[in-house]
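Q: I have a structure to go through and would like to talk it over. Could we begin with the aromatic contacts and then move on to the strands and the pocket?

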Amino acid sequence: MSLAHNNLYMSNNHEIISVPDNRLRQISRKVSIINQDTLDVIERMKKSTLDWENGRKNEVGVALAAVQIGELEKIIIVRAKPEDKDNIEFEVFINPEITKLEGDIITEPEGCLSVPDIYANVPRYDIARIKALDINGDPIRSRVKGFLARIFQHEIDHLRGKLFVDHVKDQEYYKILDDGAFQPLQPEQVDEVSVLWRC
């Protein structure tokens with residue numbers, strides 16, 4: 001998941017896949033054993049997120065699912081402080097699940113590292129209860145709110161082959177410009193780009 005931001009960075013060495021890659025529509029498999037291969041995937045996820053971010057002028061990579069680097073495993077990483085671009089620490093969640101959604105449904109702008117340059121208003125529950133394993137295989141249970149709840153819903157969707165665009169109700173999409181502003185897409189532009197995420 002991405003967050004619009006003002007700082008300027010440049011580079012492009014990431015290995016993140018993007019639409020219309022059909023792996024983004026596949027269901028990820030459960031991690032049965034946390035081994036060195038798992039740890040290697042996690043490190044690649046962290047590096048790819050930061051490399052992607054360095055190539056974006058006005059966005060922060062706040063989270064990533066393993067499928068976004070082509071690994072169909074139930075792993076997500078979430079930035080320890082999602083709104084602080086200077087903090088590059090990530091928390092790891094293996095086999096994450098949402099056990100309950102609560103609170104109000106809030107509609108806010110959302111973007112994705114695998115749907116480049118496009119944002120839309122997405123309705124999400126304001127509170128989510130989650131369970132997962134940490135990097136040591138120990139259980140995690142947490143109740144998250146606000147932006148963090150949105151992040152978990154977005155990333156766990158990836159593990160089920162879903163994208164944020166699947167939740168857009170009004171079919172209004174925005175392109176992020178070089179100065180960080182959002183420019184509405186015209187209907188014909190929406191028709192053109194939406195072909196990509198129907199992979």
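Q: How many aromatic pairs are there?
A: The count comes to four aromatic pairs. Please note that this is a predicted model.

Q: How are the rings of Phe93 and Phe152 arranged?
A: Their centres are 4.9 Å apart and their planes stand at 85°, above the 60-degree cut-off, so the pair is edge-to-face. Phe93 belongs to strand β5 and Phe152 to helix α2, 59 residues apart, so the pair links distant parts of the chain.

Q: Are those two buried or exposed?
A: Both Phe93 and Phe152 are buried.

Q: And what about Tyr174 and Phe182?
A: That pair is tilted, because the ring centres are 6.2 Å apart and the planes are at 45°. Phe182 has a relative accessibility of 34%, so this residue counts as partly exposed.

Q: Which residues make up the cluster of ring pairs?
A: Ring pairs link Tyr119, Tyr174 and Phe182 into a cluster.

Q: Changing topic: how do β5 and β6 run, and how many bridges join them?
A: They run antiparallel and are joined by 14 bridges. The two strands form a hairpin, with two residues between them. Within this pairing, Ile94 stands opposite Leu133 of β6.

Q: What is the bridge partner of Leu133 in β7?
A: In β7, Leu133 has Pro139 as its bridge partner. β6 and β7, the latter covering residues 139–145, pair in the antiparallel sense over seven bridges. They also form a hairpin, here with five residues between the strands, and Gly137 in the turn has a positive phi of about 85°.

Q: How many bridges join β6 to β8?
A: Three bridges join β6 to β8 (residues 173–176), and the two run antiparallel. Ile118 has Lys175 in β8 as its bridge partner.

Q: Now the largest pocket: what is its volume?
A: The volume is about 170 Å³.

Q: Which elements give two or more residues to its lining?
A: These are β5 (90–112), β6 (115–133) and α2 (146–159). β5 gives the most, with four residues.

Q: Which residues line the pocket?
A: Among them are Ile94, Asn95, Pro96 and Glu97, together with Lys131, Ala132 and Leu133. The lining also includes Lys30, Lys74, Ile156, Leu159 and Arg160.

Q: How does that lining divide into nonpolar, polar and charged residues?
A: Six are nonpolar, one is polar and five are charged.

Technical notes
Residues are numbered from 1 along each chain as its sequence is written. This is a predicted model: local features need pLDDT of at least 70, side-chain atom pairs count only at pLDDT 80 or more; totals for chains, interfaces and linings use all residues. Side-chain values use heavy atoms; hydrogens and water are left out. On a 1 Å grid over the protein atoms alone, a cavity is a set of points where a 1.4 Å probe fits but cannot get out, and a pocket is an open set with protein on both sides within 12 Å along at least five of seven lines; lining residues have an atom within 4 Å of a point. Grid points are joined across faces, edges and corners, and a volume is the space filled by probe spheres set on the points. Ala, Val, Leu, Ile, Met, Phe, Trp, Tyr, Cys and Pro count as nonpolar, Asp, Glu, Lys and Arg as charged, and the others, Gly among them, as polar. Two strands pair if DSSP finds at least two bridges between them. Rings of Phe, Tyr and Trp (its six-membered ring) pair if their centres lie within 6.5 Å; planes under 30 degrees apart count as stacked, over 60 as edge-to-face and the rest as tilted. Buried means under 20% relative accessible area, exposed over 50%, partly exposed in between (1.4 Å probe, protein chains only).
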